[in-house]
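Dear colleague,

Please find below the structure that I am passing to you for review. A summary of the findings follows it.

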Amino acid sequence: MSRREQIRGLRDSAQGDLYFFGGSEVAARLIQLDLIDEYQIFVHPVVLGGGSSLFPTVDERRGVSLVETRPFGDVVSLRYARKR
């Protein structure tokens, strides 16, 4: 069974939402496997003078639609659904 089939099996058997917590490389791999239906991004700005791409290894553009924004003090939650 491939990694994609294993993860898809977990997603399909979950009762409710299935979340992953990880860095941009993990997210990029799940995007490449077409396994992410919704993105929840928390923005907590810090001025550092530099930065990196949120998903550095995604090889093609993917459309998303903004579903919800919620502020939490200095943090903002952004929820996006992928376009099919």
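Helices (H or I, at least four residues) and strands (E, at least two) are taken as DSSP runs and numbered from the N terminus. On that basis, Asp34 falls in the loop between α2 and β1. The model is predicted: local features need pLDDT of at least 70, side-chain atom pairs count only at pLDDT 80 or more, and totals for chains, interfaces and linings use all residues. Residues are numbered from 1 along each chain as its sequence is written, and side-chain values use heavy atoms, with hydrogens and water left out.

Confidence is expressed as pLDDT, the predictor's confidence in each residue, from 0 to 100. The protein averages 83, and 99% of the residues score at least 70. The lowest mean, 80, belongs to α2, and the highest, 95, to strand β2 (residues 64–72).

Asp34 has a positive phi of about 60° although it is not a glycine. Most residues other than glycine have a negative phi. Asp34 is partly exposed, with a relative accessible area of 30% (buried means under 20%, exposed over 50%, partly exposed in between; 1.4 Å probe, protein chains only).

Not counting residues up to four places away in sequence, Leu35 is in contact (heavy atoms within 4.5 Å) with Arg4, Ile7, Arg8, Arg11 and Leu30.

Ser77, in strand β3 (residues 75–82), is buried, with a relative accessible area of 9%. Leaving aside neighbours within four places in sequence, the contacts of Ser77 are Ile41, Phe42, Glu68, Thr69, Arg70 and Phe72.

Grid points are joined across faces, edges and corners, and a volume is the space filled by probe spheres set on the points. The largest pocket holds about 790 Å³. Of its 23 lining residues, Leu18, Tyr19, Phe20, Glu38 and Gln40 are the closest to its centre. The largest share of this lining, five residues, comes from β1. The second largest pocket has a volume of about 210 Å³; its lining includes Ile31, Tyr39 and Tyr80.

Yours sincerely

Methods: On a 1 Å grid over the protein atoms alone, a cavity is a set of points where a 1.4 Å probe fits but cannot get out, and a pocket is an open set with protein on both sides within 12 Å along at least five of seven lines; lining residues have an atom within 4 Å of a point.
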